[in-house]
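Me: I would like to go through this structure with you. Could we begin with the charged pairs and then turn to helix packing?

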Amino acid sequence: MTVQDRKEELRRHAAALPQVEAEPLFRRFLALPEVEGADTVMVFYGTGREPDTVPLIQALLDRGKRVALPVVLPHRGMEARQVLALDRLVPNRFGIPEPDESCPAVPKGEIAVALVPHLMVDREGYRLGWGGGYYDRWLVDFPGFTVCVCRPGRLLERMPREEFDVPVKLVLMEE
């Protein structure tokens, strides 16, 4: 079985996992020293089986943080744009809300912490996404601190890996 076949098998498995509340993980995320000390934090907008990140986005805004969300670009690229208001988000071609064109781009070097989405993740921070490679391309030269919040049942001992996969620095779990 190839790495791609194994990843597809894991995506099917992850899709069948029950939806679990992520609020306790988000409280732990907000309490991280890296987040508390950050001026700018990038968060993903959770859709489908991903955790709802709108309360987290609002909590960060309420703490005076500059919050960025990813915006997909042509050729599987991605950039960060500032969230000026939740009602200024528009769905992208995948239906995922992202800041509209009036929201300023945020350079990678200004983002202290990035919360990275995943379907599953391993103990070394290698994660399984939907297979587009958007985050792996973006993370290659990201200088900040990267985190995945891992809900129950989504932690593997070792993720099948390819040479372009980029691990996060911290896998945050409830325990």
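Me: How many salt bridges does the structure hold?
Reply: The model, which is predicted, holds twelve salt bridges.

Me: Which residue does Asp165 meet in a salt bridge?
Reply: The side chain of Asp165 meets that of Lys7, at 2.9 Å from N to O. This pair links distant parts of the chain, 158 residues apart: Lys7 lies in helix H1 (residues 3-15), and Asp165 in the loop between strand E11 (155-156) and strand E12 (170-172).

Me: Are Asp165 and Lys7 buried or exposed?
Reply: Both Asp165 and Lys7 are buried.

Me: Which residues are linked with Lys7 in a network?
Reply: Salt bridges join Lys7, Glu162 and Asp165 in a network.

Me: What does Arg11 pair with?
Reply: Arg11 forms a salt bridge with Glu8, with 2.7 Å between the closest N and O atoms. The two are three residues apart in helix H1, so about one helical turn separates them. Arg11 counts as buried because its relative accessibility is 9%, while Glu8, at 36%, counts as partly exposed.

Me: On to packing: at what angle do H2 and H4 cross?
Reply: The axes of helix H2 (residues 23-31) and helix H4 (residues 54-62) cross at roughly 25 degrees and come within 10 Å. Angles under 35 degrees count as roughly parallel, so H2 and H4 are roughly parallel to each other.

Me: Which residues meet there?
Reply: Phe26, Phe29 and Leu30 of H2 meet Leu56, Ala59 and Leu60 of H4. By class, this contact has six nonpolar residues, with no polar and no charged ones.

Note on methods: Residues are numbered from 1 along each chain as its sequence is written. This is a predicted model: local features need pLDDT of at least 70, side-chain atom pairs count only at pLDDT 80 or more; totals for chains, interfaces and linings use all residues. Side-chain values use heavy atoms; hydrogens and water are left out. Axes are lines fitted to C-alpha atoms, for helices over the stretch in contact, and angles run from 0 to 180 degrees between N-to-C directions. Helices (H or I, at least four residues) and strands (E, at least two) are DSSP runs, numbered from the N terminus. Angles under 35 degrees count as roughly parallel, over 145 as roughly antiparallel, 65 to 115 as roughly perpendicular and the rest as oblique. Contact means heavy atoms within 4.5 Å. Ala, Val, Leu, Ile, Met, Phe, Trp, Tyr, Cys and Pro count as nonpolar, Asp, Glu, Lys and Arg as charged, and the others, Gly among them, as polar. A salt bridge is a side-chain nitrogen of Lys or Arg within 4 Å of a carboxyl oxygen of Asp or Glu. Buried means under 20% relative accessible area, exposed over 50%, partly exposed in between (1.4 Å probe, protein chains only).
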